[in-house]
Amino acid sequence: MRFAAEQQGLAEALATAQRAVGSRSASGAMSGLRVRTAGDSVEITGTNLDLTISATTPATVRDEGAFVAPARLLTDIVRAMEPGRIEVSLAAELINIHGGRSAFEVPTIAAEEFPNISLPVGEPATCSAKDLAAALRQVVPSASHDELRQVLTGVLFERSEAGLRLVATDSYRLAVRDVDALVLPGGADKVLMSSKALAELLRVLGSGETVELLLGEREVCFTVGGVVVASRLIDGEFPNYRQLLPQSYPNVLAAKKDAILGALRRLKPVAENTPIKLVLDNAATRLEVASPDRGRADEEIEASYQGATLKVAFNPEYLAAGVDAVDGDDVLLETIDPLKPAVIRAPLSSEFQYLLMPVRVS
């Protein structure tokens, strides 16, 4: 096997595929990247079985073939080399890498031990990569990281009247986003996708204008530009989130995003992990925090409020994340009472809704 490729393109492809390689792999091949020539390009694949990423970069192929090499070592070598053309060849069980005045010999890993990755086939659904990226940025952060509650580590993709609805929750907050430009292929009504895989997809959605989605019985596959991100689907029933979405809210706060985010940032040194109270009144809106160890702080923000006077407390990190996720400069915070979930959204749209559970405080 022998090929030549540009250092920058090869380094980027290696780094992209390496993100799927587990840090604690059960076998040598699972700690490696498979490098395989394909026509006038080279395809690099990494996997931990739950997540697979393949990246392709243009190459001049002189002899076709494939090898598996240690992921981090190979990536670090190519990344550190000077810009320009790099020659890669396989001789016996060594990979020879030449570029500029540098030359390396890297041992291979038994290629037969590398997993046989099967990807879904069929007619894909296609949508704008930019639109999908915008939706994922709003939803993925709300998924749980607790592997003991695996269903909550996923993002629900559900057929809706608008096209597709994305939903994620960690039981403290719930993000719901409608996407009218994407549908599930093959007539599927809903699937539960790994939030970790979708976070990796987010990293590469800028490499193409469109993204293709394919579904298998147990896996999902996204293709964008020269990158394929495939992942196992999550088994289990996602919670019934619809019962948490009230039809109306009697109390509505309207403010600039920057006003709320700025106040939260300034109160953060005192708040640390302490809930922040919003004092909602028709005359003024104020944020308050009190900590036995760090003192007290408050700030009044410019806002308009309609509803009953009340105090409601939130986790400041979750509150800031919800406000920041809203598109545009303005935001609404709608509440029922201090014990029921509040909703954060844009003033003229319910396309994105962020439900946040209040924190009980004395």
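Which residues are linked with Arg19 in a network of salt bridges? Glu200 and Arg203 are, and the three residues make up the network shown in one of the views below. The model is a predicted one, and the legends describe it view by view.

**View 1. The whole chain, drawn as a C-alpha trace.** The chain has 362 residues, of which 49% count as buried. Its secondary structure comes to 6 helices and 26 strands. Along the principal axes, the C-alpha trace spans about 80 × 50 × 35 Å. Among contacts with a separation of 6 or more, 64% are between residues 24 or more positions apart.

**View 2. An open antiparallel sheet of 5 strands.** The strand order is β5-β1-β7-β8-β9. The edges are taken by β5 (60-63) and β9 (102-107); each has a single partner strand, so one side of each has no neighbour in the sheet. From one strand to the next, the twist averages 20 degrees. Inside the sheet, β1 (residues 2-6) and β7 (residues 85-91) are paired in the antiparallel sense over 5 bridges. In this pairing Glu6 is found opposite Arg85 of β7.

**View 3. Two helices packed on the sheet.** Helix α1 (residues 7-18) touches β1 and β7. The direction of α1 makes about 100 degrees with that of β1. Helix α2 (residues 71-80) touches β7, β8 (94-99) and β9. Between the direction of α2 and that of β9 the angle is about 175 degrees.

**View 4. The salt bridge between Arg85 and Glu6.** The closest N and O atoms of the two side chains are 3.6 Å apart. Arg85 belongs to strand β7 and Glu6 to strand β1, so the pair ties together parts that are 79 residues apart in sequence. Arg85 is partly exposed, with a relative accessible area of 39%. Glu6 is also partly exposed, at 41% relative accessibility. Side chains of opposite charge can pair when their charged atoms come close.

**View 5. The salt bridge between Arg294 and Glu272.** The N to O distance in this pair is 3.5 Å. Arg294 sits in the loop between β20 (285-291) and β21 (295-301), while Glu272 sits in the loop between α5 (257-271) and β19 (276-280). The pair thus links distant parts of the chain, 22 residues apart. Both side chains belong to partly exposed residues, with relative accessibility of 42% for Arg294 and 47% for Glu272.

**View 6. Further salt bridges, out of 22 in the structure.** Lys340 and Asp337 meet through their side chains, with 3.0 Å from N to O. Lys340 counts as partly exposed, at 40% relative accessibility. The network of Arg19, Glu200 and Arg203 also belongs to this view.

**View 7. Cys127 and Cys221, two cysteines without a disulfide.** The structure holds 0 disulfides. The sulfur of Cys127 has its closest cysteine sulfur in Cys221, at 14 Å, which is too far for a bond. A disulfide would need the two sulfur atoms within 2.5 Å. For Cys221, in turn, the nearest cysteine sulfur is that of Cys127. Cys127 is buried, with a relative accessible area of 7%, and Cys221 is buried at 4% relative accessibility.

**View 8. Helix α3 and the cap at its N-terminal end.** Ser128 provides the cap: one of its side-chain oxygens lies 3.2 Å from the backbone nitrogen of Lys130. The buried residues of α3 are Ala129, Leu132, Ala133, Ala135, Leu136, Gln138 and Val139. An α-helix has 3.6 residues a turn, so residues three or four places apart point the same way.

View 9. Ser142 counts as buried, with a relative accessibility of 1%. Apart from neighbours within four places in sequence, Ser142 is in contact with Ala168, Thr169, Asp170, Arg173, Ala175 and Tyr354.

Technical notes: Residues are numbered from 1 along each chain as its sequence is written. This is a predicted model: local features need pLDDT of at least 70, side-chain atom pairs count only at pLDDT 80 or more; totals for chains, interfaces and linings use all residues. Side-chain values use heavy atoms; hydrogens and water are left out. Two strands pair if DSSP finds at least two bridges between them. Helices (H or I, at least four residues) and strands (E, at least two) are DSSP runs, numbered from the N terminus. Axes are lines fitted to C-alpha atoms, for helices over the stretch in contact, and angles run from 0 to 180 degrees between N-to-C directions. Contact means heavy atoms within 4.5 Å. Buried means under 20% relative accessible area, exposed over 50%, partly exposed in between (1.4 Å probe, protein chains only). A polar contact is a pair of N or O atoms within 3.5 Å; within protein, one must be able to donate a hydrogen and the other to accept it, and residues adjacent in sequence count only if both atoms are side-chain atoms. A salt bridge is a side-chain nitrogen of Lys or Arg within 4 Å of a carboxyl oxygen of Asp or Glu.
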